[in-house]
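Work through the exercises below with the sequence and the model open. Try each task before reading its solution.

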Amino acid sequence: MANNQDQEIREDKKKKDSEDNKVNEDNDQKKNESKNETSKSGSSKSNSKSSKSDNKNATDKAPENVKNKSLAQEIQEAAKDKSEHEDSENEDLTFFTRKKQEKDYSIWSIDEWMHDYLGDWNSTLVYMFEIIVVSTILLLPSVFWLIKEWRNINFRSYFSNPGAIKADNEGLFRVALFTILWYTFDIFITLFSENFLLIMAIILHTFQLSESEFCWCMVDVLYTSRGYFRMSADCLFIFYLSVIMFEKYSKPKNFNIFNPLVIKTLILWLGIYTGMLFVMKFVVNIFIYDVRRSSYKEAILDLNRKIFLFRKLKAISEAHSQSEKKDIAENMVPTYDPGFYLKDKDLFTSREDAMIVVQNIMALLKKKKLAYQDIKQYYPNEYDVVFKYFTSSDTVEDNQVVHVKVLKEIAKDLYIKRKDMGRTLNDRDSIFEKLEVIFFLIVSYIAAIILCILFEIDYKFYLFGFGTSLLTFSWVFADTIKKIFNCFVFVLVLRPYVIGDKVKINDEEYVVVKIDLLTTTFLNKTKTIVYLPNDVLMVTKIYNTSRSPPQCMVVELTVENTTYDQVKKLEELVKDEVEKAAKHFTDAELIGKSVDKAVFSVSVVQNFQNTSLTKLRQDKLIKIFESSMKSANITHKNSFVFTMS
């Protein structure tokens with residue numbers, strides 16, 4: 001019999017192997033046919049790319065393609081996007097993730113097993129299934145007792161007549177019921193905390209509450225501090241459930257870790273402590289709301305708006321028909337933006353990626369440059385503003401165009417600015433975290449006093465000792481505390497610069513690299529890292545080039561003896577040449593004249609943040625002055641001194 005069974009198994013295995021080989025051969029044949037079809041049509045590559053990206057484009061446009069969305073709808077869509085899982089299009093990647101999930105599970109990690117193998121399910125269904133499985137496992141030891149005594153069981157008595165845990169079937173069932181109720185409550189609290197944005201969106205939309213920036217900030221604060229809320233709710237519910245199902249609570253008379261009253265007291269204290277931390281984080285964020293709102297809001301809004309222009313252009317380029325392009329151009333608008341966070345971080349991930357994205361956009365649009373009419377077609381509601389941004393000009397002319405090279409430089413510069421702003425926001429948040437540490441210590445001290453009260457420990461001695469120590473500390477470190485306070489004001493309130501800004505301090509130019517609470521890190525012209533204390537910078541004059549409006553170049557020319565008429569003629573010639581180069585300059589005027597020198601002030605269309613552009617404009621000015629002096633018959637000594645003002 002064994003030999004026959006082995007033979008049957010081998011035959012079945014051979015059949016399966018032959019069937020698998022046939023399937024593989026069919027797949028290979030289909031792949032070869034698809035390769036032949038793609039090789040026949042040379043222009044089908046761009047179409048296939050656009051078709052592959054259609055689904056992705058649809059998801060990108062989903063939150064942005066509808067006008068006049070409410071804040072509640074925006075938050076609701078954001079919460080839904082977080083809960084959805086994207087399917088991988090790469091078979092190798094799917095295989096890799098499946099291989100990675102192959103690991104050992106135990107009875108204690110059954111929830112992890114369910115979340116891994118039921119990942120395609122809705123998260124709420126997974127949690128509900130988890131409750132059923134855990135409840136079944138907990139009730140297994142007392143299942144026979146339940147079957148036998150189910151008619152005599154009074155469930156209301158388990159909550160109205162608390163008593164000590166008994167070592168029998170009824171006591172075992174009471175413990176199991178307690179655990180099931182706590183576990184179910186924990187699951188619901190988890191679902192509430194994870195879907196808090198969605199719940200708040202429904203509340204705002206249902207009751208038509210005001211959708212202000214403050215409302216958005218409070219929703220975000222509650223969402224980010226949900227961990228404290230969950231732990232506090234869990235601990236307080238466990239304490240309450242243990243009181244109504246087991247023995248009533250009374251303060252423990254001695255500290256014995258195995259005493260149930262001590263355990264209950266510690267759980268109660270932990271619930272109070274984490275609840276205080278939740279309230280502390282909420283209150284602190286209310287106080288720093290104005291700082292967060294006013295600190296970098298305008299810069300963040302500007303960066304998000306500019307990055308949206310490329311997002312929209314990308315969506316238009318990936319559209320399949322002219323009607324779809326027209327629909328995107330007219331209806332795709334930015335989502336609600338409170339100005340707290342940088343958006344669309346996945347669009348430009350590096351300098352090279354920014355240039356590749358622009359190259360792909362122009363390739364799909366089948367254009368080498370964007371004319372004024374193209375901008376008007378793609379951005380019908382703000383084409384003048386967009387065209388001025390793309391051309392770096394204050395005027396709009398129909399004959400102007402935007403070349404691919406210019407768009408690449410704009411995208412690269414936008415990535416650099418957004419990266420610098422992201423680092424600035426991270427430094428600001430790290431300073432906020434230091435501020436929260438101070439309040440955390442205060443809350444922890446209050447929680448320690450509450451713990452002493454719960455265990456009937458005389459806390460007055462510790463309170464007096466701490467107060468004396470605090471007074472001594474504040475007296476000894478008074479100057480240090482004052483410096484720290486000044487640094488808080490300098491970094492969070494004054495904010496004279498952000499990361500990436502070009503500044504001038506004590507006649508030396510720097511680039512801001514990192515902003516900390518006590519010091520700021522700079523990079524000078526020789527690429528040397530310089531650390532300057534913020535309390536010193538607070539009383540130092542700082543020139544910020546990056547925040548300055550369009551600046552002027554003061555050019556000092558060394559000339560031989562010239563008459564006043566020659567210099568006036570030179571001024572007219574220079575003005576004419578500057579008008580021709582309106583892309584870089586706006587005006588020029590003579591501001592100084594001596595026997596061997598002539599000083600001109602030339603207004604530039606931008607400030608001097610971009611070093612390469614500044615150098616290019618200096619070279620152009622040198623050529624303008626050389627040709628103008630030659631026309632005015634002025635002999636010069638080939639000396640040009642530039643002063644940035």
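The model is predicted: local features need pLDDT of at least 70, side-chain atom pairs count only at pLDDT 80 or more, and totals for chains, interfaces and linings use all residues. Residues are numbered from 1 along each chain as its sequence is written, and side-chain values use heavy atoms, with hydrogens and water left out.

**Exercise 1. Describe how helix α13 and helix α20 cross, and which kinds of residue make the contact.**

Step 1. Locate the helices: α13 covers residues 260–287 and α20 covers residues 404–454. Helices (H or I, at least four residues) and strands (E, at least two) are DSSP runs, numbered from the N terminus.

Step 2. Take the axes, which are lines fitted to C-alpha atoms over the stretch in contact, with angles from 0 to 180 degrees between N-to-C directions. The two axes come within 10 Å and cross at roughly 150°. Therefore α13 is roughly antiparallel to α20 (under 35 degrees is roughly parallel, over 145 roughly antiparallel, 65 to 115 roughly perpendicular, the rest oblique).

Step 3. List contacts, meaning heavy atoms within 4.5 Å. Residues of α13 including Trp 269, Ile 272 and Tyr 273 meet residues of α20, among them Phe 439, Phe 440 and Val 443. The contact residues divide into 18 nonpolar, 3 polar and 2 charged (Ala, Val, Leu, Ile, Met, Phe, Trp, Tyr, Cys and Pro count as nonpolar, Asp, Glu, Lys and Arg as charged, and the others, Gly among them, as polar).

**Exercise 2. Check the span of helix α6, then examine Trp 121 in the loop between α5 and α6.**

Step 1. Helix α6 has 17 residues, 123–139. The expected span is 1.5 Å times one less than the number of residues, so α6 should span 24 Å, and its end C-alpha atoms are 24 Å apart, which agrees.

Step 2. Residues buried in α6 include Val 126, Tyr 127 and Glu 130 (buried means under 20% relative accessible area, exposed over 50%, partly exposed in between, with a 1.4 Å probe and protein chains only).

Step 3. Trp 121 has 41% relative accessibility, so Trp 121 counts as partly exposed. Not counting residues up to four places away in sequence, Trp 121 touches Val 126 and Phe 129.

**Exercise 3. Is Val 604 buried or exposed, and what does Val 604 contact?**

Step 1. Val 604 is found in strand β10, residues 597–604.

Step 2. The relative accessible area of Val 604 is 1%, so Val 604 is buried.

Step 3. Leaving aside neighbours within four places in sequence, Val 604 is in contact with Pro 550, Gln 551, Met 553, His 584, Phe 585, Thr 586 and Arg 617.
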